[in-house]
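The model is predicted.

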Amino acid sequence: MKRLLVGLGIWLACVVADLLSLGWMLVALFCSPRRFWRGAIAKDQAVNAAVLNGSEDETISSRAARAAARGERWGCVLCRLLDKIDRNHCRDATGT
């Protein structure tokens with residue numbers, strides 16, 4: 001029971017931290033675009049780690065680029081979509 005309560009406390013702290021960071025990102029969007037993009041990349045990495053079971057040090061775009069290079073369908077589809085929005089997005093995400 002104690003572990004559950006601790007887990008719920010940590011979860012609640014994460015919710016509060018996430019709301020605060022989203023607020024700061026909104027301010028940064030207008031005042032400091034570079035800071036906004038750093039926050040966006042951090043959110044991307046968090047989703048990759050927490051939801052998609054990937055590395056916390058990798059963005060979804062980078063992961064998709066590696067998957068596309070291996071011929072995995074999901075990576076190819078996602079990279080095609082992202083490249084329509086931002087040319088060479090997946091290639092640039094891998095740093096190659």
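## Helix packing

Helix α1 crosses α2 with left-handed geometry. Two packed helices are described by the angle between their axes and the distance between the axes. Here the angle is about 145° and the axes lie 7 Å apart. Helix α1 spans residues 2-31, and helix α2 spans residues 33-50.

On the α1 side, the contact is made by D18, S21, L22, M25, A28, L29 and C31. On the α2 side, P33, R35, F36, G39, A40 and K43 take part. By class, the residues of this α1 and α2 contact comprise eight nonpolar, two polar and three charged.

## The largest pocket

How big is the largest pocket by volume? Its volume is about 310 Å³. The lining counts 13 residues, and those closest to the centre of the pocket are I41, D44, T59, S61 and H89.

Which helices each supply at least two residues of the lining? They are α2, α3 (60-69), α4 (73-85) and α5 (89-94). Helix α2 gives the largest share, with four residues. Sorted by class, the lining holds seven nonpolar, three polar and three charged residues.

## The disulfide

A disulfide is a covalent bond between the sulfur atoms of two cysteines. In this model the count comes to one. The bond joins C79 to C90, with an S to S distance of 2.3 Å. The link of C79 and C90 is left-handed, at -100° about the S-S bond.

Conventions:
Residues numbered from 1 in each chain as written. Predicted model: local features only at pLDDT ≥ 70, side-chain atom pairs only at ≥ 80, totals over all residues. Heavy atoms only, no water. Axes fitted to C-alpha atoms, helices over the stretch in contact; angles between N-to-C directions. Left-handed = near helix turned anticlockwise from the far one by under 90°. Contact = heavy atoms within 4.5 Å. Nonpolar A, V, L, I, M, F, W, Y, C, P; charged D, E, K, R; others polar. 1 Å grid on protein atoms, 1.4 Å probe; cavity = no way out; pocket = protein on both sides within 12 Å on 5 of 7 lines; lining within 4 Å. Points joined across faces, edges and corners; volume = space filled by probe spheres on them. Disulfide = S-S within 2.5 Å.
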